[in-house]
Amino acid sequence: MATVTETAVVPVPKVRQTKILIGGEWRDSVSGKTFDTVNPATEEVIASIAEGDKEDVDLAVAAARKTFDSGPWSTMDARDRGRLIMRLADLVESNAAELAALETLDNGKPINDSMAADIPLVIDCLRYYAGWADKIHGDTIPIRGNYFCYTRREPIGVCGQIIPWNFPALMAAWKWGPALATGCTVVMKPAEQTPLSCLRMGELALEAGIPEGVINIVPGYGPTAGASLVKHPGVDKIAFTGEHLTAQIIMKDAAMTLKRLTFELGGKSPNVIFADADIDAAVAGAEFGLFFNQGQCCCAGSRVFVQESIKDEFVEKLVSRAHERTLGNPFDTGTSQGPQIDQAQFDKILAYVEKGKAAGADCLTGGTRFGNKGFFVEPTVFNNVTDDMPIATDEIFGPVMSILSFKDTDEIIRRSNNTFYGLAAAVWTRDVAKAHLYAKSVRAGTVWVNCYDVFDAAAPFGGFKMSGMGRELGEAGLNNYTELKTVTMSLD
Ligand code: NAI
Ligand code: MG
């Protein structure tokens, strides 16, 4: 079974910023209230954070509105705006070790992951969008008659951005990148579980010279600070990442002001392994696709479909890899799996384990708490899962893998699509035609072939069906931050 690792090889970072950022100033909440952010590996309080509510959101939106309406951000030369975003990326890079450690402290993810994945992807995303700033333009259109017709892509305005706790710094970068490149201003509400890296990035944005009021940050809870942002008439767009049930509330709350909405939501992504695949690569991909980030990924490959003839071999290899995962202190560079984010997620995951057992699936390993402090869950593998079991239909958001078997291509396409989600899918095969047929037929926003969780700032990401609306990253992500204006001029 997984072993405890003792030594913290990376020091715990100092928390520098715990306040609300409005118009370039760090302030306490209007109410004076604070909330605690907790270290999920120890269950100890890390820091008290200013708790934003409606009054704070009102002030933040006013600052973002004033900055947007009066410039200079939205009206400055686009290349200069790009240069400032580039400078923010450089500052994130020079403070990468501190940001990675803050992320590990607040979220519990292994320091290796924060250092190798989260923070490098933040830097890459900011640089990618910095490069777009001076390349956003419209078309000239040959309409009927003696007219000159052209389009302009203008910033959408004040953007409310609500992000979750699974990739706190990266989700901030995904949302700031296109907003800043297009000349929008931002009011961000980080998740209540993980405000620290976002607040530190707010400091770096000011240090980079991004003008006051462009990025405002209001930490707080969803139904208070989050809902106030969604309802505010001064906000033009809401970009949200989180649960589809929350997105449904946001859609209703945004209806009165008809805000633009983009959603990046959950999934129950199929990871399909054909008998002709490179089985060791597929086993490694299935392990990474589900257990990475403690299973707390919107695109987690949580339905692992294995073709019947190789199932026994696959299961044996997969379970042995699950046993090799090392749980423990996330600051130890030898740790590959940290704790879940909080008590609620921990309880939800273990409840699903019980549902899996009750439904008759075979729990081959894990299914229990690891240790006696922190929200650690043993890597868990269920075999002989069927499509109707709760562990096959619901997003668990934890280290719980469901292995199912299938016979042929038609069947697996149908069963892959038998879900209201449609975020991601993967297929493992050496047959090119089969790979393309599957990629074409699966109703999902991202399809990985012989790989999993390959992300790039240039590649659009988002969901079909109830996994989302609109796309993030790439040029598609940029277009969700602009309004398209058509100008028609008479030449008579
Ligand atoms: P959530 O969707 O409630 O929270 C995400 C963000 O939305 C947080 O910043 C939260 O404060 C905010 N929020 C919550 N209620 C709101 C409201 N009424 N108005 C405006 N903002 C609001 O997700 P939660 O409760 O943290 O996790 C529940 C489940 O959601 C997880 O078990 C997982 O299945 C899923 N989830 C999916 C994520 C993804 O990346 N797609 C990320 C986080 C959670
Ligand atoms: Mg919630």
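Three strands form an open sheet in the order S5-S6-S20, with antiparallel pairing. S5 and strand S20 (482–490) are the edge strands; each has a single partner strand, so one side of each lacks a neighbour in the sheet. The model is predicted.

**Sheet pairing**
- Two bridges join S5 and S6 in the antiparallel sense.
- Thr140 has Tyr150 in S6 as its bridge partner.
- In general, strands of a sheet pair through backbone hydrogen bonds, either parallel or antiparallel.

- Ile143 has a relative accessible area of 33%. That value makes Ile143 partly exposed, because the partly exposed class lies between under 20% (buried) and over 50% (exposed).
- Patch residues need over 30% relative accessible area, and Ile143 has 33%.

**Nonpolar cores**
- The largest nonpolar core holds 93 residues.
- Leu88, Val92, Trp176, Ile273, Phe314 and Ile403 have the most contacts inside that core.
- Another core, of 27 residues, lies apart from the largest one; Val272, Phe375, Phe382 and Ala425 are among its members.
- Nonpolar side chains tend to be buried together in soluble globular proteins.

**Contacts of Trp176**
- Leaving out residues up to four places away in sequence, Trp176 touches Leu88, Gln161, Val186, Met188, Cys198, Met201, Gly202, Ile215 and Ile217.
- Leu88, one of these contacts, is also listed among the core residues with the most contacts.

Terms used: Residues numbered from 1 in each chain as written. Chains lettered and ligands numbered in written order. Predicted model: local features only at pLDDT ≥ 70, side-chain atom pairs only at ≥ 80, totals over all residues. Heavy atoms only, no water. Buried < 20%, exposed > 50% of the residue type's maximum accessible area, 1.4 Å probe, protein only. Core = buried A, V, L, I, M, F, W, Y, C linked by side-chain atoms within 4.5 Å. Contact = heavy atoms within 4.5 Å. Pairing = 2+ DSSP bridges. Helix = DSSP H or I, 4+ residues; strand = E, 2+ residues; numbered from the N terminus.
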